[in-house]
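Visitor: I would like to learn how to read a protein model, one feature at a time. Could you take me through this one slowly, with the general idea before each case?

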Amino acid sequence: MAAAQGQFSDHPAHSEGPEGVPPAFALAVDALRTARVRPEVEAEPTRPPQRLAPYAYALEAAVVEGEEDLADGRLVLLHDPAGHDAWQGTFRLVTLVRAELEPEMAADPLLPEVCWSWLTGALEARGLAYGEPSGTVTRAGSHYFGGLAERRPATQIEIRASWTPREGRGGAPDAAGHLAAWCDLLCQIAGLPPSVPGPLDGGAGSQSAGVVSLPQRRGPQHP
């Protein structure tokens, strides 16, 4: 399995060096840097947002099959040592996940609810404690005309979400566990089977992540 490789100093959101960051944030970032992710997932550090919190670290990842990206996304770890009322904690995870679906799959009216349940179910399947979840699921369709008329209609699904990971030893959350759950979400939206037993394997109508597994779909197409 591949590791989410990168140096702690890659794209820091705070002007201080690694020796100046809070120990809890240093522990969480180190866990993200050394975490082992599913072999279908290619992950690497990327520049984090600069104004959401005093400290931030970000990863971008894609589910790759051959030379095709089936899904891609970004995971950002935010930290404010003073705490944040909206977070109800000192850490926050923020994500964007997206994939392209076949039109017949995208026609399911329950698709947004299913996709949101994949996120919460991925966290619960790995036994992760979290709070204050919020987000949106957006479904957008594209039809092509003129010189692009030969392209098939396409539908993109996009999940934007954030949640507060519960802090553990040393004041740091289980960052590696949350990254693993996020990779499970990324793979599920890409149409791959879950890697762990539990809520992700639920049947149709379940309130957990595995309400239904969508069949294989095309990856995001970039101009």
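Visitor: Which residues of H3 meet which residues of H4?

Guide: The general idea is contact, which means heavy atoms within 4.5 Å, while helices (H or I, at least four residues) and strands (E, at least two) are DSSP runs, numbered from the N terminus. In this predicted model, Cys115, Trp118, Leu119, Ala122 and Leu123 of H3 meet His178, Ala181, Asp184, Leu185, Gln188 and Ile189 of H4.

Visitor: How are the axes of H3 and H4 placed, and at roughly what angle do they cross?

Guide: Axes are lines fitted to C-alpha atoms, for helices over the stretch in contact, and angles run from 0 to 180 degrees between N-to-C directions. Angles under 35 degrees count as roughly parallel, over 145 as roughly antiparallel, 65 to 115 as roughly perpendicular and the rest as oblique. Here the axes of H3 and H4 come within 8 Å and cross at roughly 150°, which makes H3 roughly antiparallel to H4. As for handedness, a crossing is left-handed if the near helix is turned anticlockwise from the far one by less than a right angle, and right-handed if clockwise; the crossing of H3 and H4 is right-handed.

Visitor: Is Ala122 buried or exposed?

Guide: Buried means under 20% relative accessible area, exposed over 50%, and partly exposed in between (1.4 Å probe, protein chains only). Ala122, which lies in helix H3 (residues 111-125), counts as buried at 1% relative accessibility. The C-alpha atoms of Ala122 and Ala180 are separated by 8.7 Å, although these residues are 58 apart along the chain.

Visitor: At roughly what angle do the axes of H1 and H4 cross?

Guide: Helix H1 (residues 23-34) and helix H4 (residues 175-189) have axes that come within 8 Å and cross at roughly 45°, and H1 and H4 are therefore oblique to each other. Their contact is made by Ala28, Ala31 and Leu32 on the side of H1, and by Ala175, Ala176 and Leu179 on the side of H4. H1 passes H4 in a right-handed crossing.

Visitor: What should I look at in the strands, and with which residues is Ser134 in contact?

Guide: One careful way is to take a single residue and list its contacts. Ser134 lies in strand S7 and counts as partly exposed at 35% relative accessibility. Leaving aside neighbours within four places in sequence, Ser134 is in contact with Arg92, Trp116, Arg160, Ala161 and Ser162. The C-alpha atoms of Ser134 and Trp163, which are 29 residues apart along the chain, are separated by 6.5 Å.

In strand S6 you will find Glu100, which counts as buried at 2% relative accessibility.

Visitor: Which residue other than glycine has a phi near 50°?

Guide: That residue is Glu132, whose phi is positive; Glu132 is found in strand S7 (residues 130-142) and is partly exposed, with a relative accessible area of 39%. Gln88, which is not a glycine either, has a positive phi of about 60°. The place of Gln88 is in the loop between strand S5 (68-84) and strand S6 (89-101), and Gln88 is exposed, with a relative accessible area of 52%.

Visitor: How many helices and strands does the protein chain have?

Guide: The secondary structure comes to four helices and eight strands, and along the sequence the pattern reads β-α-β-β-β-β-β-α-α-β-β-α. Buried residues make up 49% of the 223 residues. Among contacts between residues at least 6 apart in sequence, 69% join residues at least 24 apart.

Visitor: What is the mean pLDDT of the protein chain?

Guide: The term pLDDT is the predictor's confidence in each residue, from 0 to 100. The mean for the protein chain is 79, and 77% of the residues reach 70 or more. Over residues 1-17 the pLDDT is below 50, and this stretch has 50 contacts in the model beyond near neighbours in sequence. Over residues 197-223 the pLDDT is also below 50, with 85 contacts beyond near neighbours in sequence. Where pLDDT is low, the predicted coordinates should not be read in detail.

Visitor: What conventions should I keep in mind?

Guide: Residues are numbered from 1 along each chain as its sequence is written, and side-chain values use heavy atoms, with hydrogens and water left out. In this predicted model, local features need pLDDT of at least 70 and side-chain atom pairs count only at pLDDT 80 or more, whereas totals for chains, interfaces and linings use all residues.
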